[in-house]
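Please walk me through this structure in the viewer, one selection at a time. Tell me what to select at each stop and what is there.

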Amino acid sequence: VDGAMAFFAFVPVYTLIKASYLENEKERNTMLWLGFIFAGSAALVKQPGVYIFLIYPFLAYLGVLKYFPPENPKTLYRTLFFMFAASALIALPWYVFKQIAFLIGLDRPEIFDLAVIAADTHKNIGLFAQMRDALSTFDWYIWLFPLVILGVVFLQPLYRWIVLLVVLPYPLLWAWVASYDARNLSIVLPVLGLITGLSMDQIFQHLLKLLRFLPFNRWKLFVLLPLFLLLLSALNYLLPSARLLEQQTVLQKQIFNNQKNN
């Protein structure tokens, strides 16, 4: 179900990106409606989806609607309210049903049990030490977060809000409640990948702009460029595609919990 969770959590973010490029108000609202429907659906797929359900209205307003103000502000708030209401109609009936089951004793909430399991996984070392220990399981992927933070300087407002409301806080929440298993990060990993790629692109573009102002003789270009192309050609023979694919298959099985993967 974690693959489905990743999908249903990522689609609302994708609809916001699509909506941010649409000039036509009707088309933009249609895309936002779709995002709200998927945000409500995310809460049904698995409990972490509730985070997306709750955060999506803020992302929709701060990242998109704020930059397309209608003539009548009341129209904007009314549209946002109806979108959220439709999303809630999808998400809330199940949680209302479960809340009733909790109240009459037919079931009990698991979130506190999960927090205890997460604490036991980290040997009850204290909350802040537990969060530090959990985040260390990212291994070298932890370096994606400074890259994302640096990229915020260059990214559009929508992507900044995605970083501030999803990419940075959710891993901390995971480290506290659900760090007994890396698969519970499924809702944030696709978004982290997206923002990392955009950040790298923007940082690279700005570095290129800086290089234009540096003195660079033409003869260097004619010497270095052929050498660079020769190196790329040599790599084609040194690292054939079959070897790369075989290595990728082996490495994929070692991501996070290799015992569970096996």
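## Helix α10

Select helix α10 and look for its buried residues: V191, L192, I195, T196, S199 and I203. The model on screen is a predicted one. These buried residues of α10 pack against α1 (2–20), α7 (144–152) and α8. An α-helix has 3.6 residues a turn, so residues three or four places apart point the same way.

Now show the whole of α10, residues 189–211. With 23 residues at 1.5 Å a residue, the helix should span 33 Å, and its end C-alpha atoms are 33 Å apart, so the two values agree.

Leaving out residues up to four places away in sequence, I195 touches V148, L155, Y159, I162, V163 and V167.

Next, widen the view to the largest nonpolar core. Its members number 47, and those that touch the most other members are L16, L32, I162, V167, W174 and I195. Helix α8 (residues 157–167) gives the most to this core, with seven residues.

## V163 in α8

Select V163, which is found in helix α8. Is V163 buried or exposed? V163 counts as buried because its relative accessibility is 1%, and the cut-off for buried is under 20%. Setting aside neighbours within four places in sequence, V163 is in contact with V148, V152, L168, P169 and I195.

V163 and I149 are 14 residues apart along the chain, and their C-alpha atoms are separated by 7.7 Å.

## S87 in α4

Move to S87, which lies in helix α4. S87 has a relative accessible area of 1%, so this serine is buried. Which residues does S87 touch, not counting residues up to four places away in sequence? They are F36, A39, G40 and F53.

## The largest pocket

Keep α4 in view and turn to the largest pocket. Its volume is about 890 Å³. The lining has 27 residues, and the closest to the pocket centre are Q47, P48, Y95, I111 and L114. Colour the elements that give two or more residues to the lining: α2 (25–45), α3 (49–63), α4 (73–103), α5 (111–121) and α9 (169–177). Among these, α4 gives the most, with five residues.

Colouring the lining by class shows 18 nonpolar, three polar and six charged residues.

The last two stops concern backbone angles. Most residues other than glycine have a negative phi, and most peptide bonds are trans.

Select K123, in the loop between α5 and α6 (127–136). K123 is not a glycine, yet its phi is positive, near 65°. With a relative accessible area of 71%, K123 is exposed.

Finish at D139, in the loop between α6 and α7. What is the phi of D139? Phi of D139 is positive, about 60°, although this residue is not a glycine. D139 has a relative accessible area of 56%, so it is exposed, the cut-off for exposed being over 50%.

Conventions
Residues are numbered from 1 along each chain as its sequence is written. This is a predicted model: local features need pLDDT of at least 70, side-chain atom pairs count only at pLDDT 80 or more; totals for chains, interfaces and linings use all residues. Side-chain values use heavy atoms; hydrogens and water are left out. On a 1 Å grid over the protein atoms alone, a cavity is a set of points where a 1.4 Å probe fits but cannot get out, and a pocket is an open set with protein on both sides within 12 Å along at least five of seven lines; lining residues have an atom within 4 Å of a point. Grid points are joined across faces, edges and corners, and a volume is the space filled by probe spheres set on the points. Helices (H or I, at least four residues) and strands (E, at least two) are DSSP runs, numbered from the N terminus. Ala, Val, Leu, Ile, Met, Phe, Trp, Tyr, Cys and Pro count as nonpolar, Asp, Glu, Lys and Arg as charged, and the others, Gly among them, as polar. A nonpolar core is a set of buried Ala, Val, Leu, Ile, Met, Phe, Trp, Tyr and Cys residues joined through side-chain atoms within 4.5 Å. Buried means under 20% relative accessible area, exposed over 50%, partly exposed in between (1.4 Å probe, protein chains only). Contact means heavy atoms within 4.5 Å. The expected span of a helix is 1.5 Å times one less than its number of residues.
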